[in-house]
Amino acid sequence: MKSELAIYGGEPIRNKRLNYGKQYIDQNDIEAVCAVLKSDYLTCGPEIPHMEHKLCEVTGAKFAVAVSNGTAALHIACLAAGIGKGDEVIVSSITFAASANCILYCGATPVFADIDHDTWNISIANVEQKITSKTKAIIAVDFMGQAAALNELKEICLKHELLLIEDAAHSINTRYDGNNVGSIADITTFSFHPVKTITAGEGGAVLTNDIALYRKAILYRAHGITRDENLLTDKSNGNWYYEQQLLGYNYRITDIQAALCCSQLDKLDAFSCRRKEIVAFYNQEFKNINEIILPKEINQSDTTRHLYIIYLKLELLTTDRKTIYEALQAENIGVNVHYIPVYRLPYYQSLGYPKGLCPNAEDFYERCITLPLFYSMTDDDAWDVVCGVRKVINYFRK
Ligand SMILES: *Cc1c(COP(=O)(O)O)cnc(C)c1O
């Protein structure tokens, strides 16, 4: 009776649903937010430089600009990089839509690169094939938290005079070749959405070592307006005077969010440790299941994982991914799918991107399932996930 799948009327592995991701908020977070609510500044106050300072400390980046969310961070990164009409930007096809939308916001053309078959990060060989005289930048996503092949990407960028933008929404606290993500690419962006490793409620950041890119990012965050005496073109006015120097946006983060982010950053190493522990446990438990492939882990990346994804060898199973997904949901294991190849989304299809553009990405999408992974999962929760996966795979094994 116990091995009958819940989807067919059996007992589920768990009574209470386990989500695939969840934030962890403690008393320090609550006090940090409350302190701001009682202070003079809800926005444009001291918590924002505090957050930027902490982000530089954690990543080793020279400059950080805190913004309202990860998508705004990507938009600002593209604007600061000078991406505009007529430019092409190469981006990974397996990512959240925002990684490519930011290119369209600037009037430029996203060029989708396929993923590497083993790591599921952007394929270096495919990036090289897609470079043209119009290519201006590469947006590499550290998918699941594992760093993309940044050394190879940097080499390509140097050779073709391109900018490397690293969408590190998944990879805060990951190290690559001994350096922290945030200090490696020309521009790195983070997201602090609640499913990510640390949260600000909503929030994001742009990091760079380049002062010119930093100054641009600061301008784009707040309408293109500056009061900085050193940057004003007309210095004859009193100190009420400000200049709008380009067309920017309001992408400011509040001090309420920045305070939460600072408090979460204090727990980042603990968050990383626990995520690594759960990943090691899953790896150990899944490595002998023939019907599952795990991502290849590259030596250069000391990875803090945001997502744990398994790839199903469908040829060894009697069913498809949809049924496996639904069977796991019925066991109360909150699985998910990351991601639909961006160019397969209806809006991108309407722009003319064809099916078959990135074969590895499309193959991956047919077979991937994201399992729960978050800091406050207990060992019992992780064990339930393993039991649920085993139960479902055993049932559908050929
Ligand atoms: C979450 C995410 C974003 C967008 O971040 P928001 O803070 O939700 O705007 C961008 N890229 C990737 C890869 C993401 O996972």
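Residues are numbered from 1 along each chain as its sequence is written. Because the model is predicted, local features need pLDDT of at least 70 and side-chain atom pairs count only at pLDDT 80 or more, while totals for chains, interfaces and linings use all residues; side-chain values use heavy atoms, with hydrogens and water left out.

To the contact (heavy atoms within 4.5 Å), domain 1 brings 39 residues and domain 2 brings 39 residues. About 3500 Å² is buried between the two domains, and carbon and sulfur atoms give 63% of this area. Buried area here is the accessible area (1.4 Å probe) that two parts lose on being put together, summed over both. On the side of domain 1, Leu268, His306 and Tyr339 supply 21% of the area buried against domain 2, more than any other three residues.

Between domain 1 and domain 2 there are zero salt bridges, a salt bridge being a side-chain nitrogen of Lys or Arg within 4 Å of a carboxyl oxygen of Asp or Glu. The count of residue pairs in polar contact between the domains is 21, with both residues at pLDDT 80 or more. A polar contact is a pair of N or O atoms within 3.5 Å; within protein, one must be able to donate a hydrogen and the other to accept it, and residues adjacent in sequence count only if both atoms are side-chain atoms. Helix 9 (268–286) is one of the elements on the side of domain 1 that touches domain 2, and with five residues it gives the most to that side. Helices (H or I, at least four residues) and strands (E, at least two) are DSSP runs, numbered from the N terminus.

Helix 9 is also among the elements that cover the buried residues of helix 8, together with helix 1 (27–37) and helix 2 (47–59). Ten of the eleven residues of helix 8 (residues 255–265) are buried, so this helix is largely enclosed by the rest of the structure. Buried means under 20% relative accessible area, exposed over 50%, and partly exposed in between (1.4 Å probe, protein chains only).

Asn121 sits in the loop between strand 3 (109–113) and helix 5 (124–130). Asn121 is buried, at a relative accessible area of 3%. A polar atom of its side chain lies 3.3 Å from the backbone oxygen of Ala147. Beyond its neighbours within four places in sequence, Asn121 is in contact with residues including Ile115, Val141 and Phe143.

The structure as a whole holds 17 salt bridges. One of them joins Asp302 and Lys276 (2.8 Å, N to O), linking strand 13 to helix 9 across 26 residues. Asp302 is partly exposed at 38%, and Lys276 is partly exposed at 32% relative accessibility. Glu285 pairs with Arg390, with the closest N and O atoms 2.6 Å apart. Glu285 is in helix 9 and Arg390 in helix 13 (residues 379–396), so this pair ties together parts that are 105 residues apart in sequence. A further salt bridge, between Lys322 and Glu326, has its closest N and O atoms 3.5 Å apart. Both residues lie in helix 10 (residues 321–330), four residues apart, about one turn of the helix. Lys322 is exposed at 54%, whereas Glu326 is partly exposed at 33%. Arg14, Asp381 and Asp384 are linked in a network of salt bridges.
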